[in-house]
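Here are some exercises to work through with the model open beside you. Try each task before reading its solution.

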Amino acid sequence: MNEIQVTKVGIVSCSGEEIPNGTLCRVACRRVLDALRPGETVTICLPLFIAGGEEERSFASDYPTITVDGCEKLCAAKATEMLSGKPAKSLLVPEILKRHNLPAPTKLRQFGPVEEPAVEAVAEEIAKAVDAVLAEA
Ligand code: SF4
């Protein structure tokens, strides 16, 4: 039997540009990829994934994915499920902020100290989800 040892998780962030929670999504995902879990994660470009990037789609078929969405439209979760397979975990930024009793950011870009608690909370939840997915694999 061929068993793939899962050592990496694909992080699929929604590409929301139009609302601050979309920006929060991307900034928090970047922090996980660059600083919190650099060795255990890779990112998948959502627009390229939807447009048919072979590498993106085959990765998402072969490895577990965690989707992170900025609003209830769940673009990343829906696209991943439709094009590749059900995500191992789907995170929703408004729910994370609610759990941490944090306000949603109001800026679309150039996040700073005011937005830091929200970035940290979302990034930490993504990192915990990575650990859980790898532990279950
Ligand atoms: S989930 Fe919401 S914020 Fe993210 S890309 Fe879709 S509509 Fe935009």
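A residue counts as buried under 20% relative accessible area, as exposed over 50%, and as partly exposed in between (1.4 Å probe, protein chains only). This is a predicted model, in which local features need pLDDT of at least 70, side-chain atom pairs count only at pLDDT 80 or more, and totals for chains, interfaces and linings use all residues. Residues are numbered from 1 along each chain as its sequence is written, and side-chain values use heavy atoms, with hydrogens and water left out.

**Exercise 1. Work out whether N101 and Q110 are buried or exposed, and look up phi for each.**

Start with location. N101 lies in the loop between α5 (93-99) and α6, and Q110 is also placed in the loop between α5 and α6. Helices (H or I, at least four residues) and strands (E, at least two) are DSSP runs, numbered from the N terminus.

Next, accessibility. N101 has a relative accessible area of 71%, so it is exposed. Q110, at 67%, is exposed too.

Finally, the backbone. Phi of N101 is near 55°, a positive value in a residue other than glycine. Q110 is not a glycine either, yet its phi is positive, about 55°.

**Exercise 2. Describe how strand β1 is paired and how it is covered.**

First find the neighbours; two strands pair if DSSP finds at least two bridges between them. β1 is joined to strand β2 (residues 41-43) by three bridges, and the two run parallel. Here I11 stands opposite T43. Four bridges join β1 to β3, again in parallel, with T67 of β3 as the bridge partner of V12.

Then follow the chain: β1, α1 and β2 form a right-handed β-α-β unit. Right-handed means that, with the strands pointing away from the viewer, the path from the first strand over the helix to the second runs clockwise.

Now check the two faces. In a regular strand the side chains alternate between the two faces of the sheet. V9, I11 and S13 on one side of β1 and G10 and V12 on the other are all buried. Because five of the five residues of β1 are buried, the strand is largely enclosed by the rest of the structure.

Finish with S13, in β1 (residues 9-13). Its relative accessible area is 12%, so S13 is buried. Not counting residues up to four places away in sequence, S13 touches C25, R26, C29, L46, V68 and A76, where contact means heavy atoms within 4.5 Å.
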